[in-house]
Amino acid sequence: AAPPPPGPGPPRAASASGVVADANGRPKAGALVTLFDTGRSQYTPAQVAGPVVESTRTDAQGRFEVLGLPALELQLEATHPEHPSARSKAFTLSPGEERTGVGIVLSTGGAVEGICFDADGNPAADRLLSANHIRLQQAVPGRSRSDGPFELTGLAPGTWQLVAMDPSLSMSTDEGEADMGAMLQDIRMKPVEIVDGETKFVFLGSPAAESVEVTGRVAAGGLPAEGRVLSWFGGASKDAEVFKGARTDADGRYTVELPGPGTYLVMCSAVGATLDKGQSLEFSVTVPEGATRFEHDIELPRARISGRVLGTDGEPAVGERVTLVPDAGPTVGGLRGRGYGELRTLGGGKFTFENVAAGRYFVSAGGSSIFGERPDAPGRGAGCPFEIDADGALEDVEVRLGAAGALRGRGVDGSGTPGVGA
């Protein structure tokens with residue numbers, strides 16, 4: 001009998017090549033080009049590109065080529081010391097495809113200048129600054145000068161979140177626990193739209209002005225919600241932003257002094273003793289024109305999400321981190337996002353998130369805390385997204401933990417030189 005015909009061989013490797021240039025069309029030599037597998041990203045490409053597949057550098061003519069690629073969904077990012085990073089459009093490589101002409105244009109970059117103000121409306125010296133681009137997952141650090149002004153340069157076009165805080169502020173209570181309320185009251189935040197080649201001017205905080213006293217009561221199911229941290233940010237104008245905070249007392253009452261009327265974004269947080277415990281909700285409040293005193297009560301939502309976490313051995317996992325995240329992903333204008341929560345599992349691996357707003361969420365568990373202090377932590381597990389109504393109670397959510405992986409590598413600067421002590 002004739003031998004059977006040979007089966008199909010292994011799929012042919014694909015490749016991608018192109019050019020990195022600046023906004024004037026000049027090729028950029030030495031740019032680092034990184035390839036991301038967008039098909040394996042937990043989020044959309046607009047948020048997090050996905051795992052790194054390969055990287056290379058451009059030659060003297062700005063050209064690059066990457067060989068031996070599998071079939072995958074791909075996006076390329078180029079970085080260069082003289083420019084903000086930039087990404088190509090996402091595309092799909094077929095088996096054996098030779099994709100050519102991939103272009104990445106490095107922008108000139110924009111800048112933001114401004115002044116930081118303290119709680120009394122005075123220029124604030126030596127504030128730690130950070131400009132954060134949510135979509136690109138980038139952060140640019142800075143510091144205000146002795147008289148309050150600051151400048152941040154080399155920002156890619158798009159929406160950035162500016163954050164300033166006092167590095168000398170104590171975040172500890174008399175009992176030695178983290179005082180999140182004190183930290184939140186000092187933070188100044190403002191989103192700013194960066195345009196290529198332009199410099200924007202902003203205020204972080206507000207100069208001294210006639211204030212408005214806002215008071216009210218926070219309740220959950222008609223009962224006072226004690227110890228809630230209310231953080232107000234927004235302002236009387238788009239250039240004068242404020243970030244103020246208050247904590248509710250045993251009767252759920254709060255008082256906060258705002259710099260004037262306007263629309264404020266309020267974050268109501270049930271903050272734990274550490275930064276990896278607590279929940280937050282966000283909503284808008286408008287203080288009317290001409291008001292010197294304004295009353296605003298808050299009734300917290302009543303939905304509840306509960307379940308348990310099982311370890312790698314299938315047994316209930318006690319003391320593991322559990323995170324509740326809105327399925328829409330992070331947004332500009334907030335700290336933790338609407339409906340965000342961080343808890344630790346109790347006996348039987350059980351957890352419960354109270355006062356959850358209606359919406360679509362997913363729960364993840366395991367891994368180290370946000371500070372990464374557990375080198376022996378199990379791998380992170382995630383459940384499927386789910387919807388919950390305003391008065392809903394979702395029970396029996398189960399998350400199974402897997403074995404932890406490891407990530408090893410090295411840090412280099414824009415020229416490719418290894419960076420020690422980064």
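This is a predicted model: local features need pLDDT of at least 70, side-chain atom pairs count only at pLDDT 80 or more; totals for chains, interfaces and linings use all residues.
Where is Gly148 found? In the loop between strand 11 (138-143) and strand 12 (149-155).

Residues are numbered from 1 along each chain as its sequence is written, and side-chain values use heavy atoms, with hydrogens and water left out.

First, the overall picture. The protein chain has 1 helix and 32 strands. Both are DSSP runs, numbered from the N terminus: helices are H or I with at least four residues, strands are E with at least two. The chain holds 422 residues, and 45% of them are buried. Buried means under 20% relative accessible area, exposed means over 50%, and partly exposed lies in between, with a 1.4 Å probe and protein chains only.

Now contacts, meaning heavy atoms within 4.5 Å. Take the contacts between residues at least 6 apart in sequence: 66% join residues at least 24 apart.

Back to Gly148. Is Gly148 buried or exposed? Its relative accessibility is 0%, so Gly148 counts as buried. Setting aside neighbours within four places in sequence, Gly148 touches Gly114, Ile115, Cys116, Pro123, Ala124 and Ala125. Asn122 sits 26 residues away along the chain, with 8.5 Å between its C-alpha and that of Gly148.

A second residue to look at is Ser85, in strand 6 (residues 83-87). Ser85 counts as buried because its relative accessibility is 13%. Beyond its neighbours within four places, its contacts are Glu77, Ala78, Thr79, Leu106, Gln138 and Ala156.

Next, a sheet. Strands of a sheet pair through backbone hydrogen bonds, either parallel or antiparallel. Here we have an open sheet of 4 strands, order 11-10-13-14, paired antiparallel. Strand 11 and strand 14 (188-194) are the edges, each pairing on one side only. From one strand to the next, the twist averages 20°. That angle uses axes, which are lines fitted to C-alpha atoms, for helices over the stretch in contact; angles run from 0 to 180 degrees between N-to-C directions. For pairing, DSSP must find at least two bridges between two strands. How many bridges join strand 10 (residues 128-133) to strand 11? There are 6, and the two strands run antiparallel. Leu128 stands opposite Arg143 in strand 11.

Last topic: aromatics. The whole structure gives 5 aromatic pairs. Rings of Phe, Tyr and Trp (its six-membered ring) pair if their centres lie within 6.5 Å; planes under 30 degrees apart are stacked, over 60 edge-to-face, the rest tilted. Phe117 and Phe203 have ring centres 5.0 Å apart and planes at 85°, so this pair is edge-to-face. It links distant parts of the chain, 86 residues apart: Phe117 in the loop between strand 9 (110-116) and strand 10, Phe203 in strand 15 (residues 199-204). Phe117 is buried at 7% relative accessibility, whereas Phe203 is partly exposed at 21%. Phe203 also pairs edge-to-face with Phe201, at 5.7 Å centre to centre and 70° between the planes. Phe201 is partly exposed, at 47%. Together, Phe117, Phe201 and Phe203 form one aromatic cluster.
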